[in-house]
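Good morning, and thank you for coming. Please look at the sequence and the structure while I speak.

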Number of protein chains: 2
Amino acid sequence: MLYIIGLGLGDEKDITVKGLEAVKSCDVLFLESYTSILPGIKKDRLEEFYGKKIEEADRYCVESECEKVILERAKTQCVGFLVVGDPFGATTHTDMVIRAREMNIQVEVIHNASIMNAVGVCGLQLYQFGITVSLVFFTENWKPDSFYDKIKKNRECGLHTLCLLDIKVKEPTEECLLKPHLKKYMPPRFMTINQAIDELLEIEHLRKEGVYNEDTYCVGLARVGAQDQQVVYGTMKELRELDWGEPLHSLVICAPDKDIHFLEKEHLEFYSVKNYLKRKQ
Amino acid sequence: MLYIIGLGLGDEKDITVKGLEAVKSCDVLFLESYTSILPGIKKDRLEEFYGKKIEEADRYCVESECEKVILERAKTQCVGFLVVGDPFGATTHTDMVIRAREMNIQVEVIHNASIMNAVGVCGLQLYQFGITVSLVFFTENWKPDSFYDKIKKNRECGLHTLCLLDIKVKEPTEECLLKPHLKKYMPPRFMTINQAIDELLEIEHLRKEGVYNEDTYCVGLARVGAQDQQVVYGTMKELRELDWGEPLHSLVICAPDKDIHFLEKEHLEFYSVKNYLKRKQ
């Protein structure tokens, strides 16, 4: 038996009652630790809350050793695979379900909130979002910009764009890429809203198609669902200057002003930089 | 204090641990009963599980009497407003947050799964969905078809479309529209996948822009997150012939075949009509 259990977004208490019951019934628990990770949902806090040991499942474990390490055990034991957010935010877990079914393992999915729906907290209507884009950390020679065309299309259609920001957890060092047995990893990195805006503007500067600029209105969201959630509405220029604190961050590039509903505007006003700074005082 | 608490999608145990703690601390509980409703999440089952009374909040209560009935009480008491799915699936609840803040009431939102992210269970990637559309019950003289242009755009862009299907709960009868004090309501109606496909094809037949047809591949999803969840992949023609059982139903119109990732295809194959009928035997 394999349970794939969404943990939601805030802390260890964002698991559902159904999910917690499944966890309690499991012989083995894995925590997927590379597609998403949250400050409030750390292995030790979960272990304390569940009263059970948890094994961390990094990218290598899930993508290359899934059959051996996870699925073989699920043939005879009750295995729980814990995923931050909802189980189907990331492609990999779909893949795991397919493989498990091929091995005749019973799979049960327990859903939870993900940033894909919780982003609605900023007051923008989920029905007004176009395709979601992902921003990855640029390197000197690798600056993938496929997000640009997608944002362009969304804005042309009067839609908001949710930008998911890169996280790098347990990335092998360059040395380690050559000698995998070394198992040396770079420190985890989480893209900030500030970095995301820099990348966005860098690509606009290169492509020059006028999709957005420093004055384009966005909503920054940090730690959605957590006690210290931070949601601020302002221009790219304004949001780039703010301190967003701990991960995880996401960014919404709003539809052009004329396409924003008045109710959305009322809500955004509450989150404006001005009001945000006033509340902070 | 106002808690807006998402109940998730399956049954009373899909509330989060955090949500359940909030419920326990509340003096008054309302269940929003008109934007969504699920067979597994009914007032009496929730009351039994929580050990508390719940008041039903219909459209009139939430839209017209919100201040008086809900927010006034939240000034001095701890009020829980329960919403099936995630709190921000529907515009109305955004509006309630704005009004509460204007009245200086502290608001806390507790997220949960909604169909907007749980639809990922069918194996289609959430990042490959365009704008979501809503289908409403046609009447003889009112056949709103704004979904058609949106589906067209999504398919042109190689994207899937999630179609949310109408529900009508506590709709006043025609007699009652003239004499509101009568408080007579029509029986609740939930659009089935079969009805949705009929409406879609009716509009294609009228508009003739070749956006989709009987042979277009879709995924039908009924009761996502519940024990008896039903997910089937097939053409509109095939899916229209199936019995989908109890509400709630949703429908995904897939991107054109060439735009579907091979991993998505592998997963869809598992849900194909052929395999579905085989499993049912």
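Leu248(B) is found in the loop between α10 (236–240) and β12 (249–253) of chain B. Helices here are DSSP runs of H or I with at least four residues, strands are runs of E with at least two, and both are numbered from the N terminus. A cis peptide bond joins Pro247(B) and Leu248(B), with omega at about -5 degrees. In chain A, the bond from Pro247(A) to Leu248(A) is cis, with omega near -5 degrees. Leu248(A) has its place in the loop between α10 (236–240) and β12 of chain A. As background, most peptide bonds are trans, and most residues other than glycine have a negative phi.

Before I continue, a word on the source. This is a predicted model, in which local features need pLDDT of at least 70 and side-chain atom pairs count only at pLDDT 80 or more, while totals for chains, interfaces and linings use all residues. Residues are numbered from 1 along each chain as its sequence is written, chains are lettered from A and ligands numbered from 1 in the order in which they are written, and side-chain values use heavy atoms, with hydrogens and water left out.

Let me turn to chain A as a whole. How many helices and strands does the secondary structure of chain A come to? There are 12 helices and 12 strands. With 281 residues, a compact globule would have a radius of gyration near 19 Å, and chain A agrees with this at 20 Å. That radius is taken over C-alpha atoms, and the globule rule is 2.2 Å times the number of residues to the power 0.38. The C-alpha trace of chain A spans about 60 × 45 × 35 Å along its principal axes.

Of the 281 residues of chain A, 59% count as buried. Buried means under 20% relative accessible area, exposed means over 50%, and partly exposed lies in between, with a 1.4 Å probe and protein chains only. Among contacts in chain A between residues at least 6 apart in sequence, 73% join residues at least 24 apart; a contact means heavy atoms within 4.5 Å.

In α7 (residues 146–156), the buried residues are Phe147(A), Tyr148(A), Ile151(A), Asn154(A) and Arg155(A). Seen down the axis of α7(A), these residues fall within an arc of 130 degrees, so they line one face of the helix. The arc is that of the directions from the helix axis to the C-beta atoms. What covers the buried residues of α7(A)? The cover includes β6 (133–135), β7 (161–165), α9 (193–207) and β12 (249–253) of chain A. Just after α7(A), Gly158(A) takes a positive phi of about 75 degrees.

In chain B, helix α7 (residues 146–156) holds Arg155(B). Is Arg155(B) buried or exposed? At 17% relative accessibility, Arg155(B) counts as buried. Leaving aside neighbours within four places in sequence, Arg155(B) is in contact with Val211(B), Thr216(B), Ile253(B), Cys254(B), Ala255(B) and Pro256(B). Phe138(B) is 17 residues from Arg155(B) along the chain, and their C-alpha atoms are separated by 23 Å.

Asn104(A) lies in the loop between α5 (91–102) and β5 (107–110) of chain A. Phi of Asn104(A) is near 60 degrees, a positive value in a residue other than glycine. At 74% relative accessibility, Asn104(A) counts as exposed.

Arg223(B) lies in the loop between β10 (217–222) and β11 (230–235) of chain B. Phi of Arg223(B) is also positive, near 55 degrees, but Arg223(B) counts as buried at 10% relative accessibility.

Pro187(A) has its place in the loop between α8 (174–178) and β9 (189–190) of chain A, and it counts as exposed at 63% relative accessibility. Pro187(A) and Val169(A) are 18 residues apart in sequence and 7.2 Å apart in space, C-alpha to C-alpha.

Thank you for your attention.
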